[in-house]
Amino acid sequence: MPTIALDAMGGDFAPFEAVKAAAQISRETEIELVLVGDQKQIQPLLERQEYRPETLQIHHAPEAIGMAEEPHAAIRNKSRASVCVAAELVAKGEADALVTAGNTGAAVLACARFFRTLPGIRRAALASVYPRQTEYPGQDRFALLLDVGATVRCGATELVQFALMGSAYAKRISKVPSPRVALLNMGSEENKGGDTLVEAFLRLQHLPGINFTGNVEGHELVKGKADVIVCEGFVGNIVLKLLEGLAELLAEMAGGAARESWRYKLGLRVMESGIARLRELTDYTKYGGAPILGFEHLAIKAHGRSSAGAIANAVKVAAKGVRDDVVREIRALVEQ
Amino acid sequence: MARGKALLSHHPLVLRWDLDKTYLKSDFHTLRGLVTIPFEKPEDKVAVPGVVPLIRHLRRVAQEQKRPVRVYFISASPPQIARAIKEKLALDGIEYDGITFKNQLQNIMRGRFRNLREQVGYKLTQLLRQRPQEPVEAQEILFGDDWESDPVIYSLYADILGGRVRSEELPEILSAIGVDPELIETAVELAAAVPKADAVERIYINLERRTPPALFQPFGARMVPTFNYFQTACCLYQDGHLDLAGVEAVAKALLEEAAYQPRRLCNSLADIERRGHLHQAVRAEIERCLARAGLLVASRRPLPERLIGWLRERVTGKRQAPRVVLPHPLHEPVIDYRALVVAWKRRHEETEASA
């Protein structure tokens with residue numbers, strides 16, 4: 001069974017939700033978990049949970065990085081922060097993967113500090129899954145978008161590498177034999193989007209080992225035309241937040257409409273099961289977090305607002321990634 | 001070699017064991033289990049991993065210490081299944097000095113259906129009845145589980161013996177629990193007559209149901225909730241009732257019977273230490289012994305790493321991991337049973353409802 005190092009002090013509701021997630025994982029799975037954080041805070045919380053101690057360790061880390069802290073300064077000044085200690089445990093082979101719901105920048109920097117990048121990979125990418133339409137029966141309901149914030153500005157080489165990493169991840173995790181990879185652009189033609197995107201397009205077109213389908217525009221993101229969408233971190237982050245915001249807006253609008261008129265309320269009641277499905281589909285807590293790709297070890301970044309369930313899902317995804325050897329798949333594809 | 005205060009004591013040692021979920025892996029909480037249990041053959045019954053070597057080694061160590069030792073079982077099962085249980089104990093090679101079953105037939109005949117499920121009155125009166133058969137100086141260790149009311153029963157019993165529950169208080173507590181008035185009367189009489197002595201040294205609760213350990217804190221340090229018998233064995237070693245060979249035997253049983261891995265034993269050991277029931281030095285001692293026997297991998301870090309850790313502690317003033325201070329079981333506040341019963345009943349009802 002894989003061993004996952006879980007940063008207990010990361011996230012808006014840390015350490016409570018992380019400890020709850022750890023207890024849940026210990027009850028429901030055989031995954032070995034190392035809970036990294038302030039033992040004085042973690043232990044009393046753990047003792048209030050139903051848990052199995054056999055698969056659970058606590059590794060004390062005296063410091064923590066706050067969600068609003070400047071990542072570079074925090075990593076520099078807090079070498080014993082939980083996310084650093086967790087990454088160090090993974091680097092030393094005491095755990096197989098890292099999961100954190102903490103400060104995204106600090107998580108990426110901790111990985112960069114303790115993990116080696118894969119040979120040939122220049123920059124890390126943060127990938128995120130999002131719901132989309134399915135085009136054929138059996139198609140995964142989720143597509144992978146990368147990068148969503150690890151590398152703000154990218155050159156063509158980085159975009160090509162992200163495509164390779166995303167394709168390998170989708171192959172292993174979503175079990176798509178030949179994931180369709182696309183570049184996010186402002187037009188479908190190959191000469192759109194400026195020099196970087198044009199160069200990336202040309203290189204991807206001739207790259208063996210991946211199934212490149214060309215450019216996709218913003219409105220096509222949710223249409224199931226591609227399984228892996230590649231863009232630079234700046235754009236990816238905005239897209240991701242926009243999708244999340246839209247989901248929240250829709251839920252709020254529906255609630256508002258129901259308050260306004262009993263007819264809307266009745267209509268919503270009729271569509272209740274459909275709305276519940278939609279809510280489930282757009283619920284980030286079910287996704288299991290965003291993988292940080294490009295390193296010799298796997299790291300999963302869960303949403304900062306993650307509940308115990310969401311963190312537990314992230315741990316399960318990390319364990320799956322380790323079992324399916326995602327890193328080796330990426331390495332093989334990049335070396336090819 | 002056993003360690004600790006028991007070495008100095010030659011007082012008789014009484015070990016009282018609950019049977020279902022503490023000694024036996026009984027499935028009486030499912031309809032299927034309820035139907036099949038009466039027809040189970042002795043060889044079909046399964047002991048909780050580690051319990052058999054634990055009882056055997058506790059007896060051996062006590063005998064080596066020249067302490068008279070007695071093992072009693074108390075069960076809420078009807079006497080109709082006594083034969084199968086006694087044969088199971090014989091199969092496991094467990095020597096015991098007494099076993100009590102609950103006469104459910106009598107309850108049915110007398111129309112006392114509430115008493116069929118109620119355990120506090122039954123067990124408490126049985127314990128109080130049996131106690132005068134032992135010398136006043138006899139020390140007791142009690143073993144139960146988290147399925148029903150063992151923590152409340154054992155705690156009450158210990159505090160009645162210790163003279164910490166006043167005679168006018170007992171009926172009120174038992175009535176709050178919902179004990180049959182006739183049994184309350186008997187319990188009060190027995191409690192008044194029982195010779196007073198601080199006889200109960202520890203109460204071990206097998207967390208078969210994975211009840212959060214924090215819920216046992218109101219019972220004080222005398223009660224030790226453990227997730228497996230390896231944790232129990234470690235604490236008994238600390239108290240001098242077991243030697244390292246005994247701990248090793250229990251660890252081996254878990255590895256062989258319950259598919260434990262060395263790492264899981266390590267984690268269990270760390271857990272019981274973190275929860276404040278095991279001293280750091282004792283943990284290290286057990287770890288070294290089991291590592292020598294090849295049963296677990298010692299968690300001792302390499303020397304350079306330990307040196308860096310030590311230096312870092314000195315420079316930053318921050319400890320690597322907080323040390324746990326063990327509370328003494330006899331230096332604890334008196335238990336507020338009224339509040340405890342209310343909380344315990346609520347929790348019990350919640351878990352029953354969720355099950």
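How many residues does the contact take from chain A and from chain B? Keep that in mind as you open the model, which is a predicted one.

**Stop 1: where the chains meet**

Select the contact: 19 residues come from chain A and 19 residues from chain B. On the side of chain A that touches chain B, the elements giving two or more residues are helix 2 (39-47) and strand 3 (56-60) of chain A. Colour that side by class and you will find five nonpolar, six polar and eight charged residues.

**Stop 2: the cores**

Now go to L6(A) and V315(A). These are the residues with the most contacts inside the largest nonpolar core, which has 115 residues. Centre on L6(A) and show its neighbours: leaving out residues up to four places away in sequence, L6(A) touches A18(A), A22(A), L33(A), V34(A), L35(A), V36(A), V99(A) and V315(A). Another core, of 87 residues, lies apart from the largest one, and V165(B), Y204(B), C234(B) and L254(B) are among its members. As a general note, nonpolar side chains tend to be buried together in soluble globular proteins.

**Stop 3: chain B as a whole**

Select chain B next. Chain B holds 15 helices and six strands, and of its 355 residues, 43% are buried. Among contacts in chain B with a separation of 6 or more, 78% are between residues 24 or more positions apart.

**Stop 4: helix 10 of chain B**

Pick residues 229-238 of chain B. Here 10 of the 10 residues are buried, so helix 10 is largely enclosed by the rest of the structure. Its buried residues include Y229(B), F230(B), C234(B) and Y237(B); C234(B) is also one of the residues of the 87-residue core from Stop 2. What do the buried residues of helix 10 of chain B pack against? Show helix 2 (51-64), strand 5 (200-206), strand 6 (223-226), helix 11 (244-257), helix 12 (262-274) and helix 13 (280-292) of chain B, and you have the partners. Just past the helix, click on G240(B), where phi is positive at about 85°.

**Stop 5: helix 3 of chain B**

Finally, select residues 82-91 of chain B. In this helix I85(B), K88(B) and L89(B) are buried. Look down the axis: the buried residues of helix 3 of chain B fall within an arc of 100°, so they line one face of the helix. Turn to the face pointing away from the buried side to find R83(B) and A90(B), which are exposed. After helix 3 of chain B comes G93(B), with a positive phi near 75°.

How values were computed:
Residues are numbered from 1 along each chain as its sequence is written. Chains are lettered from A and ligands numbered from 1 in the order in which they are written. This is a predicted model: local features need pLDDT of at least 70, side-chain atom pairs count only at pLDDT 80 or more; totals for chains, interfaces and linings use all residues. A residue is buried if 20 or more other C-beta atoms lie within 10 Å of its own, exposed if 12 or fewer, and partly exposed in between; C-beta atoms are placed from the backbone. Helices (H or I, at least four residues) and strands (E, at least two) are DSSP runs, numbered from the N terminus. The arc is that of the directions from the helix axis to the C-beta atoms. Two residues are in contact if their C-beta atoms, placed from the backbone, lie within 7 Å. Ala, Val, Leu, Ile, Met, Phe, Trp, Tyr, Cys and Pro count as nonpolar, Asp, Glu, Lys and Arg as charged, and the others, Gly among them, as polar. A nonpolar core is a set of buried Ala, Val, Leu, Ile, Met, Phe, Trp, Tyr and Cys residues joined through C-beta atoms within 7 Å.
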